[in-house]
Amino acid sequence: MDKVRVGIAGLGRLGKVHANNIANKIKNAELVAACSIVQDELDYAKKEFGVKSLYTDFHEMLKNPDIDAVAIVTTSSEHCWQIEAAMNAGKHVFSDKPLGVNLEECLQAKAAVDAHPELKFFLGFMRRFDPSYSYAKKKIDEGAIGKPYLVKATGIDPEATVEGSIRFAKNSGGIFLDMSVHDIDLMRWFLGADPKEVYATGCTFKHPEFAEAGDDETGVAMYKFDNGAIGTIHVGRTAPHGYHIETEIVGTEGTLRISPVPEKNLTMIYNEHGAVKECIENFQIRFDEAYRIEMEYFIDCVLNDEKPSVTVEDGVESTRIGFATTESWKTGGIVKI
Ligand SMILES: NC(=O)c1ccc[n+]([C@@H]2O[C@H](COP(=O)([O-])OP(=O)(O)OC[C@H]3O[C@@H](n4cnc5c(N)ncnc54)[C@H](O)[C@@H]3O)[C@@H](O)[C@H]2O)c1
């Protein structure tokens, strides 16, 4: 095999990004099929990428013998059964995060992945492939900050998209399940450890609609890890300046900070507001490179018969931790994980 033939499921906000990468930016991949329950998305795949095999039913797409791998970018509640069906149909699987929406289905998906060691499974924790995050990890592994013992992660969506977040609040599963899974994964990755307990809390000051929907506008969680390290996560939905993703890792010999100012680029504008650096507007722009690099990596794993570094276990653990965090936020107590 010199090219991996991919069928994509879901061409919404993120599916379009992955489809474009597979079709146009990754030389060893080919976008041969698309599946969506929305006709416009299938029309888009045909028009933009010339995809000929179009499906409204995921199981029908899996019957296509010309597909080597599927990219699952559907609504989160669809991931687990689609992973299981694809594995059972003999396809390699790229699934976007989260692995699933509850622990039971995650474990079922893990069983399907474990039952097919001949197939590759990759979970889209793309921040690990962002050049700044992967550089930080390399520096930590080289000992640049000594032994890492504290991770402080911030993830705040832009105020510009708050209306969508408010509409989604009733069904989000709570701010931590909705927003903290990437940071949970990064903490585990940077510290090389798992959290054993969590305390989480939240508040709503600007948009009462979040509290009315049983959610919160801002959440903060603190974790104690099994190796003694500490992690804190601050998630929110109302950054006035843009899309604010920042991570600080403190070690015995130094500190690393990734994107302390979410700069759009290197341009400084001097005007009536002062010396201004514009900020990144959204996740598609911030992680554009990471989405391409992670897909390229998955394709290479398939071609070179290598097990991907992000595993189904990472998906199960991040979900388990996300639920423990949510339980603490809801009950107000410390939760053992
Ligand atoms: N890694 C990241 O940073 C990141 C960012 C955004 C979204 N995501 C994840 O990607 C997934 C998609 O998010 P999105 O924002 O693109 O959502 P979206 O709602 O814009 O798109 C999802 C699409 O999936 C399709 N779909 C739903 N059920 C389907 C089914 N049974 N078969 C075929 N198609 C189906 C729908 O047509 C829908 O348009 C979610 O799981 C989300 O958590 C990850």
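First, the ground rules. The model is predicted, so local features need pLDDT of at least 70 and side-chain atom pairs count only at pLDDT 80 or more, while totals for chains, interfaces and linings use all residues. Residues are numbered from 1 along each chain as its sequence is written, and side-chain values use heavy atoms, with hydrogens and water left out.

Let me start with the ligand. Around the ligand there are 24 residues, counted as near if one of their heavy atoms lies within 4 Å of it. Arg 13, Leu 14, Glu 41, Ser 76 and Tyr 291 come nearest. By class, the shell has nine nonpolar, ten polar and five charged residues; here Ala, Val, Leu, Ile, Met, Phe, Trp, Tyr, Cys and Pro count as nonpolar, Asp, Glu, Lys and Arg as charged, and the others, Gly among them, as polar. Two helices, α1 (13-25) and α4 (79-88), each supply at least two residues of that shell. Helices here are DSSP runs of H or I with at least four residues, strands are runs of E with at least two, and both are numbered from the N terminus.

Which side chains place a polar atom by a ligand oxygen atom? In Glu 41 such an atom lies 2.4 Å from an oxygen atom of the ligand, and in Arg 13 the distance is 2.8 Å. Thr 74 takes part through a backbone N or O atom, 3.2 Å from a ligand oxygen atom. Taken alone the ligand exposes 840 Å², and the protein buries 84% of that; the areas come from the Shrake-Rupley method with a 1.4 Å probe.

Now the domains. The assignment, automatic or from a database, gives domain 1 (4-119) and domain 2 (128-286 + 318-336). Their centres, taken over C-alpha atoms, are 28 Å apart. The contact (heavy atoms within 4.5 Å) takes ten residues from domain 1 and seven residues from domain 2. Between them the domains bury about 690 Å², 73% of it on carbon and sulfur atoms. Buried area is the accessible area, with a 1.4 Å probe, that two parts lose on being put together, summed over both. On the domain 1 side, Arg 13, Lys 97 and Leu 103 lose the most area to domain 2, together 57% of what that side buries.

Last, the backbone. Lys 97 is joined to Pro 98 by a cis peptide bond, with omega about -10°. Pro 98 sits in the loop between β5 (92-96) and α5 (103-114). Ser 259, in the loop between β12 (254-258) and β13 (269-271), has a positive phi of about 60° although it is not a glycine.

Technical notes. A polar contact is a pair of N or O atoms within 3.5 Å; within protein, one must be able to donate a hydrogen and the other to accept it, and residues adjacent in sequence count only if both atoms are side-chain atoms.
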